[in-house]
Amino acid sequence: MINITFPDNSVKQFEAGVTPLQIAQSLSPQLARDVLAASVNEQEWDLTRPIESDATIKLFKWDDAEGKHAFWHSSAHLLAEALQELYPGVKFGIGPAIENGFYYDIDPNGHSITSADFPAIEAKMLELAKRNEAIVRADISKENALKAFGERGEEYKCELISELEDGHITTYTQGAFTDLCRGPHLPSTGVIKAAKVMSLAGAYWRGDEKRNQLVRVYGITFPKKKMLDEYLAMLEEAKKRDHRKLGKEMELFAFSTNVGAGLPLWLPKGAALRDRLEQFLRKIQKQYGYQQVITPHIGNKLLYVTSGHYAKYGKDSFQPIHTPQEGEEYMLKPMNCPHHCEIFKAYPRSYRELPLRLAEFGTVYRYEQTGELHGLTRVRGFTQDDAHIFCAPDQIKDEFLKVMDIIFYIFKALDFNNFEAQISLRDPKNKQKYIGSDENWHLAETAIIEACEEKGLKARKELGEAAFYGPKLDFMVKDAIGRRWQLGTIQVDYNLPERFQLEYTGADNQKHRPVMIHRAPFGSLERFVAVLLEHTAGKFPLWLSPDQAIILPISEKFNDYAYEVAKQLTAADVRVTVDDRNEKIGRKIRDNELRRIPYMLIVGEKEAENGEVSVRKQGEGDKGTMKIATFADEIARKVANLE
């Protein structure tokens, strides 16, 4: 008998050789029907793979990321099997699961595949799925793997096999299709009930433009047809909410090839929006004792060599700037933290100054690949709402909790009420990826875990997702249509203070090393604005909206009164414009509904005589007439309450 430990630390005994699926069946028939994947001793594990010794186990369903991963990884094999039947001789590269669905890179080998073929591919996938073919794992020697895939002419698979260590190679077979794969996979294909081929793209083999260009086939599958229908409806809604489209319509930002790819230009309304977000956070930070600093956009290359950022990000940064002085090199800064370390070092520091909280809206630069640029969500120059807290070790948890309070307040103010948290930890099996001692990593990771427990925040732990200099707590928000975005982050760092030899004098009159906490509630202003645009569909809360009201005179005769109203409202700090076009009032209302301005103020003869405005609210219609001052007071009240 072996002992199986469950996530709640309960232990049950089973016979050696029991599979995760059998364990699920022993717990509940419904669980056995719903379970898609498992982990055994924190390793991904097939549901039908035997467990031979004492182990910890986790079972995953569709709602778990691990469950979706196994489902979509198996679906990538199903896609490949369908392509193999439809296009004999096609050759396969790699086919991983991705955030939403999966893809498979293929060499068509003379076949032509276009979007017109999607329905036939989908039909073949469902036909194969209905056969409920078992997905069988097998260990194979390197010699036999090379022979098997070589006989099939699978040159791409053979290249991958040649780089693998003998004794650690596995294949998975379903029906007539066998693939080189580590797994894990579903027990069989029958749970796949809906399939959609989404798109085609070109992809160089192994990302090398000197190698063959393959066809990347993207797809997605679900265990229910209804779920696919809902997903496709969400994609249609997402198109309407695309921040690139809304940003152009609302005149917030633009891009210019003359300026450069990935370098946004903030237009007046967008710049004002950014400024309001900055002022909002500045006010909060002031209450929590932060001090604003400003650092240059460039720094000596040696600064980033010292910090470790050059070794980590050098390839993804803009190349060094060579000055007229021989051997001198500067870089566009990829991070603000090295500069803040130097600010800490500018004066001798005492324990009485700690925690020292330095904040900056600092613009940083990274040379993202052209194909990865996407509107404001992936750019080459972006502004972080960055802050670094220098504190004593016994202050870490308290400071961490305060940062969490700031993030919770921001999310509530901007209606991001649906969010998840992830504690990103070091991969203990791959420590060479990280800098710093085991002791410091243990202290940092423990502080984050204890802070989350104290707040009652249910945060999932992810090994291998930590920053190279320390563990972190990341916040993933769900927007109005259910998509997940990674926004706020808090990171504990013992390593940069070591690298920069930061010191403070303690109460014992001895020198001590501070601990550094990195935090960015927005993440970056660019990405945050993009997510906020898509979350609200451009209908910002009143306090943040670029224009809070627009005045619509019913004819040119009342333009003068409209501008008088605008003057009074502007004096009362209401952001207002006038639509004085020579158009019928119905046309003006329809046009300005599309501009997503919260209030439309219609003025005509009656309003002019009584010093009033007729109020129409976005999405709600007429609200009656009121005095100009009354409307201004109403706006001020709502803004004060962050409505």
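Let's start with an open sheet of five strands, ordered β30-β29-β31-β32-β33 and mixed in its pairing. Strands here are DSSP runs of E with at least two residues, helices are runs of H or I with at least four, and both are numbered from the N terminus. Two strands pair if DSSP finds at least two bridges between them. At the edges stand β30 (576-578) and β33 (621-627), each with a single partner strand, so one side of each has no neighbour in the sheet. On average, neighbouring strands are turned by 25° against each other, direction ignored. For such angles, axes are lines fitted to C-alpha atoms, for helices over the stretch in contact, and values between N-to-C directions run from 0 to 180 degrees.

A word on the source: this is a predicted model, in which local features need pLDDT of at least 70 and side-chain atom pairs count only at pLDDT 80 or more, while totals for chains, interfaces and linings use all residues. Residues are numbered from 1 along each chain as its sequence is written, and side-chain values use heavy atoms, with hydrogens and water left out.

Now follow the strand pairs. β29 and β31 are parallel and share five bridges, with Ile-551 opposite Leu-601 in β31. β31 then runs antiparallel to β32, joined by four bridges; here Tyr-599 faces Lys-617 in β32. Strand β32 (residues 612-617) is in turn antiparallel to β33 over six bridges, and Ser-614 has Thr-625 of β33 as its bridge partner.

What about β31 itself? Five of its five residues are buried, so β31 is largely enclosed by the rest of the structure. Buried means under 20% relative accessible area, with exposed over 50% and partly exposed in between, using a 1.4 Å probe and protein chains only. Tyr-599, Leu-601 and Val-603 cover one face, with Met-600 and Ile-602 on the other. In a regular strand, side chains alternate between the two faces of the sheet.

Helix α18 (residues 585-594) lies across β29 (549-553), β31 (599-603) and β32, at about 165° to β29. Helix α20 (residues 628-640) lies across β29, β31, β32 and β33, at about 115° to β33.

Finally, α20 meets helix α17 (residues 559-571): their axes come within 10 Å and cross at roughly 40°. The contact (heavy atoms within 4.5 Å) involves Tyr-561, Val-565, Gln-568 and Leu-569 of α17 with Ile-628, Phe-631 and Ala-632 of α20.
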